[in-house]
Amino acid sequence: MAIFAPFDCENVDSVLGHEILNRKPLPWDRLNYHRVREWLEKHFEQAVCLVGVLREGEGPNRAKHMKFANALHRVGVRVVFAESYAVVNSLCRSDAPEVVDTVVADLISKSKASIICYGGHDFYASFPLRQRREAGSRVFALGFPEFVSTEVIATVEEVFDLENDIGGFAHPLPRMRLF
């Protein structure tokens, strides 16, 4: 069975911009999802179902979100638009502030994969990850370890660093190096 890797794209981008770069990430700063897929396939020696959860956006933001969605699609990432998914699956209103979190948690809880790799940092993912671990799945996190919630860290087998373990960026990020 393939590895299931749902990404909270908004969260990964937000941590990169607000916590690491201290500015809005430019296109060449962003995570290379193709590299993530390649690394996961090599590390686990299995096919990967990489899912990027995004907001659809409204007005001028919609065009930006669609451009990003198309870029993800071109590198083989299955794109899930949070607002539509939430409404179709009766999870929450499309304008709920945490719609992306709700959708990522639902995708994790419904996964039947033997290996689940959550891409993000937020505590909300610890609940469905724990549920899947108790059902027999191996669970991991992909993110910047210094920003991954303690609940997620306590739930997963290992946290893989998007920069240092996976090599998901084109250049070194300005992160505090403790070791």
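The entries below follow the order in which I looked things up.

**Entry 1: ground rules.** I note that this is a predicted model, in which local features need pLDDT of at least 70 and side-chain atom pairs count only at pLDDT 80 or more, while totals for chains, interfaces and linings use all residues. Residues are numbered from 1 along each chain as its sequence is written, and side-chain values use heavy atoms, with hydrogens and water left out.

**Entry 2: the sheet.** I took helices (H or I, at least four residues) and strands (E, at least two) as DSSP runs numbered from the N terminus, and I counted two strands as paired if DSSP finds at least two bridges between them. I found an open sheet of six strands in the order 3-2-1-4-5-6, with parallel pairing. Strand 3 and strand 6 (159-161) stand at the edges with a single partner strand each, so one side of each has no neighbour in the sheet. Direction ignored, neighbouring strands are turned by 25° against each other on average.

I then went through some of the pairs. Strand 1 and strand 2 run parallel and are joined by six bridges, with Ala-5 opposite Leu-50 of strand 2. Four bridges join strand 2 to strand 3 (residues 78-81), again parallel, and there Leu-54 has Phe-81 of strand 3 as its bridge partner. Strand 1 is joined to strand 4 by two bridges, also parallel, and Phe-4 stands opposite Ile-116 in strand 4.

I also asked how enclosed strand 2 is. Six of its seven residues are buried, so strand 2 is largely enclosed by the rest of the structure; buried means under 20% relative accessible area, exposed over 50%, and partly exposed in between (1.4 Å probe, protein chains only).

**Entry 3: the cores.** I used "nonpolar core" for a set of buried Ala, Val, Leu, Ile, Met, Phe, Trp, Tyr and Cys residues joined through side-chain atoms within 4.5 Å. The largest one has 31 residues, of which Phe-7, Val-36, Leu-40, Cys-117, Leu-142 and Leu-162 touch the most other members. Among the elements that each supply at least two residues of this core are strand 1 (3-8), helix 2 (33-44) and strand 5 (138-143), but the largest share, six residues, comes from helix 1. Taking contact as heavy atoms within 4.5 Å, and leaving aside neighbours within four places in sequence, I listed Phe-7, Leu-31, Leu-50, Leu-142, Leu-162 and Ile-166 as the contacts of Val-36. A second, separate core of 26 residues includes Ala-82, Tyr-85, Ala-86 and Val-100.

**Entry 4: a helix pair.** Helix 5 (residues 99-110) and helix 6 (residues 126-134) pack at an angle of about 0°, with their axes 8 Å apart; axes are lines fitted to C-alpha atoms, for helices over the stretch in contact, and angles run from 0 to 180 degrees between N-to-C directions. The contact is made by Ala-105, Ile-108 and Ser-109 of helix 5 and by Pro-128, Leu-129, Gln-131 and Arg-132 of helix 6.

**Entry 5: one residue.** Not counting residues up to four places away in sequence, Val-99 touches Arg-55, Ala-82, Glu-83, Ala-86, Cys-92, Arg-93 and Ser-94.
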